[in-house]
Amino acid sequence: MIKASVVICTRNRLDDLKESLDLVLKQNYKNFEVIVVDNASDTQDVSKYIKKIRSKRVKYVLAPKKPNLPYARNVGIRNAKGEIIAFIDDDSLVSKNWLSEAIKSFYLKDVGAVAGRVKVPKNSDLFEVKYLKSKGLKRFLYEIFALFLDYYGKPASIKKSGQVVGFFDYDKFIEVDHAWGCNMIYRKSALLKAGLFDENYENYPLREDTDMCVRIKRLGYKILFNPKAKVFHKLTRKGKIFSRMNFYYRNKHHIYFVFKNKLVKGLDGWLKFILQQFAEIFFFLFYSISIKEPTVFFQSLKGKLDGFKIALRF
């Protein structure tokens, strides 16, 4: 039986971690360890809790250097003993057969990673959730916006424009381009060959998971989507300031990701990429006016500009 390591990175969210860890420990797969990476939390609550539960499966590791998810995941990798390393967020709730189903996919030797199915709250602010729930005029407007964003396509795919298509709540086994960080499982040897997670994706976690998948595929591995390896992602959020800064980092990180990996292909890809940028600027302006938060627009614009400054290095 293949040994697996489940890595859960956490910061200041003990209540979420308790719920997530409890379900991981109830897996029907038996040969696994759990590594809880405490990423610069403000208290010692996580450490105290891990000591309190006294589980031989669970290992506590402190990642004190900086609050940075890719860094925390790399700490987890370095402490993992399993051939397979599974990552979930501290607000991910796994199904009982999540790990056993994911590991089945690795019996194919050319599989380097598995993307699991992700369900999210019905009131989520994710674009694909709002898109699928919309009707009438609102649905038409979402269709137009998705067209400008080049967001149509196969689930979990990366387009010639560099656009990353999500839709991880899918019921078919297919080969995909990337996995979502709240439910991604890797062959450890593939992670090491790829060079670990890029710690330049700082503060707000976006595209660090997709970046790893791009590198994994370029090594010749396949990434499989397994709908039976299910999690429910609570998408816990904290505070208004956190939300505003999201807009800065999500724009900066995406531009960095696209140029670092040289993802835009051909004239049509470049045209669609440029159109995306203008469409997003218009959207953020409209959105910031509608919620009376001009900071959203200015942080989004600043994120794009800073992303392009970094892109000049590539």
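Select helix H1 (residues 14–24) and helix H2 (residues 45–53), which pack at about 30 degrees with their axes 10 Å apart. Helices here are DSSP runs of H or I, at least four residues, numbered from the N terminus. The axes are lines fitted to C-alpha atoms over the stretch in contact, and angles run from 0 to 180 degrees between N-to-C directions. H1 is therefore roughly parallel to H2 (angles under 35 degrees count as roughly parallel). The crossing of H1 and H2 is right-handed; that is, the near helix is turned clockwise from the far one by less than a right angle.

This is a predicted model: local features need pLDDT of at least 70, side-chain atom pairs count only at pLDDT 80 or more, and totals for chains, interfaces and linings use all residues. Residues are numbered from 1 along each chain as its sequence is written, and side-chain values use heavy atoms, with hydrogens and water left out.

Now show the side chains at the H1 and H2 contact (heavy atoms within 4.5 Å). From H1, pick Leu-14, Leu-17, Lys-18 and Leu-21; from H2, pick Asp-45, Val-46, Tyr-49, Ile-50 and Ile-53. This contact has 7 nonpolar, no polar and 2 charged residues. Ala, Val, Leu, Ile, Met, Phe, Trp, Tyr, Cys and Pro count as nonpolar, Asp, Glu, Lys and Arg as charged, and the others, Gly among them, as polar.

Next, the salt bridges. There are 24 in the structure, each a side-chain nitrogen of Lys or Arg within 4 Å of a carboxyl oxygen of Asp or Glu.

Go to Arg-73 and Glu-208, whose closest N and O atoms are 2.5 Å apart in a salt bridge. Arg-73 sits in helix H3 (residues 69–79) and Glu-208 in helix H8 (residues 208–218), 135 residues apart, so to speak a link between distant parts of the chain. Arg-73 and Glu-208 are buried (under 20% relative accessible area, with exposed over 50% and partly exposed in between; 1.4 Å probe, protein chains only).

Move to Lys-260, in a salt bridge with Asp-198 at 2.9 Å between the closest N and O atoms. Lys-260 belongs to helix H9 (residues 240–260), and Asp-198 to the loop between helix H7 (188–194) and H8, 62 residues apart. Lys-260 counts as partly exposed because its relative accessibility is 21%. Asp-198, at 11%, counts as buried.

Stay with H8 and select Arg-215 and Asp-211, 4 residues apart, about one turn of the helix. Their side chains meet in a salt bridge (2.9 Å, N to O). Both Arg-215 and Asp-211 are buried.

Terms used. Helices (H or I, at least four residues) and strands (E, at least two) are DSSP runs, numbered from the N terminus. Angles under 35 degrees count as roughly parallel, over 145 as roughly antiparallel, 65 to 115 as roughly perpendicular and the rest as oblique.
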